[in-house]
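I opened this entry to look up the strands, a loop and a metal site, one after another.

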Amino acid sequence: MPDQVQGPQPPVLLTLLPGPDRKRVQRTYSYRLTYRNPQANAPGCRTIWEVTGGRLIYQIVLEQTAAGTLRLHCSCADAVFRAEGEGRFCKHIRGLLQFGLAGEQAVDRLQPRSCLGA
Ligand SMILES: [Zn+2]
């Protein structure tokens with residue numbers, strides 16, 4: 001297992017997203033950084049965010065391929081069963097991208113990961 005994020009206060013981001021109920025009433029979702037790869041440009045898992053506020057707790061993984069492409073994967077049902085197959089992001093990933101997650105990396109280099117373990 002890679003090292004967990006050190007320090008007393010891991011970064012937490014808050015945003016409003018349509019909620020999981022049928023009316024899609026906006027509610028607050030929080031993103032907590034639970035892992036960051038200490039090697040900034042190494043291929044593999046770069047960061048893991050834990051998403052709370054929905055029905056379940058989800059995890060968003062930012063992964064860098066050997067070719068340098070960044071991929072985002074969310075563990076929610078929308079991402080796994082729909083969004084990734086359609087080449088779009090689920091609301092959790094879109095919410096996270098509002099914060100400019102990838103910094104110097106252009107968002108258009110990001111793409112949904114097609115399957116787990118790829
Ligand atoms: Zn999601």
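Before counting strand partners, I noted that two strands are taken to pair if DSSP finds at least two bridges between them. The model I am reading is a predicted one.

**Strands.** I looked up β2 with its partner β3 (residues 44-52) and found that the two run antiparallel and are joined by six bridges. Within this pairing I picked out Leu 33, whose bridge partner in β3 is Trp 49. I then turned to β1 and β2, which also run antiparallel, with seven bridges joining them; here Leu 17 stands opposite Arg 27 of β2.

**Loop.** Between β1 (12-18) and β2 (26-36) there is a loop in which I located Arg 24. I checked its backbone and noted that Arg 24, although not a glycine, has a positive phi of about 55°.

**Zinc site.** Which protein donors does the zinc ion have? I listed Cys 74 (SG), Cys 76 (SG), Cys 90 (SG) and His 92 (ND1), at 2.1 to 2.4 Å from the ion. Because the four donor atoms subtend angles of 102 to 114° around the zinc ion, I recorded the arrangement as tetrahedral. Along the sequence, the spacing of the donor residues reads C-x1-C-x13-C-x1-H. Cys 74, in strand β5 (residues 70-74), and Cys 90, in the loop between α1 (77-86) and α2 (91-97), link distant parts of the chain, 16 residues apart.

Terms used:
Residues are numbered from 1 along each chain as its sequence is written. This is a predicted model: local features need pLDDT of at least 70, side-chain atom pairs count only at pLDDT 80 or more; totals for chains, interfaces and linings use all residues. Side-chain values use heavy atoms; hydrogens and water are left out. Helices (H or I, at least four residues) and strands (E, at least two) are DSSP runs, numbered from the N terminus. Donors are N, O and S atoms within 2.8 Å of the metal (3.2 Å for Na, K and Ca); water is not among the atoms, so sites may look incomplete. Four donors count as tetrahedral if all angles lie between 85 and 135 degrees; four count as square planar and six as octahedral if opposite donors are over 155 degrees apart and all others between 65 and 115; anything else is irregular.
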